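Okay, thanks everyone, let's get going.

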Amino acid sequence: MEEGEWGSGAFDSVEACVARARELMRQGRPYAELIWQLNIQRVWRKRSDPERCRIITQCMREVAKMYGRNPSRIRDICG
């Protein structure tokens, strides 16, 4: 699946993913849109790349914290 506006390398580490999420936040992207995009990437990698799926899950939790949301609502679905 295309990484699109997240860019190549955005899902290589939690720090890179969170940094890109901050950039998108500064551009005015709403929380729901960021989580939706990350969740699509996470589901796509659920079975084929579980390590990258875990990175995206952790990134989603960090984004939730940045927006003042409850990060425990983001469940680990990675197999």
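Before anything else, a word on burial: I call a residue buried under 20% relative accessible area, exposed over 50%, and partly exposed in between, with a 1.4 Å probe and protein chains only. This is a predicted model, so local features need pLDDT of at least 70 and side-chain atom pairs count only at pLDDT 80 or more, while totals for chains, interfaces and linings use all residues. Residues are numbered from 1 along each chain as its sequence is written, and side-chain values use heavy atoms, with hydrogens and water left out.

Let's start with Arg 20. That arginine is in helix H1, residues 14-26; helices here are DSSP runs of H or I, at least four residues, numbered from the N terminus. Is Arg 20 buried or exposed? Buried, because its relative accessibility is 18%. Beyond residues up to four places away in sequence, Arg 20 touches Glu 5, Trp 6 and Gln 27, where contact means heavy atoms within 4.5 Å.

Trp 6 leads us to the core. By nonpolar core I mean a set of buried Ala, Val, Leu, Ile, Met, Phe, Trp, Tyr and Cys residues joined through side-chain atoms within 4.5 Å. The largest one has 17 residues, and Trp 6, Leu 38 and Val 63 touch the most other members. H1, H2 and H3 each supply at least two residues of this core, with the largest share, five residues, coming from H3.

So, on to H3. This helix has 17 residues and reaches 24 Å from first C-alpha to last, close to the expected 24 Å at 1.5 Å a residue; the expected span is 1.5 Å times one less than the number of residues. Its buried residues include Cys 53, Ile 56 and Val 63, and H1 and H2 are among what covers them. Val 63 itself, leaving aside neighbours within four places in sequence, is in contact with Ala 21, Tyr 31, Leu 34, Ile 35 and Leu 38. Just after H3, have a look at Gly 68, with a positive phi of about 75°.

Which residues line the largest pocket? Tyr 31, Ile 35, Asn 39, Arg 42, Met 60, Ala 64, Arg 69, Asn 70, Arg 73 and Ile 74. A pocket, on a 1 Å grid over the protein atoms alone, is an open set of points where a 1.4 Å probe fits, with protein on both sides within 12 Å along at least five of seven lines; lining residues have an atom within 4 Å of a point. H2 gives the most to that lining, with four residues.
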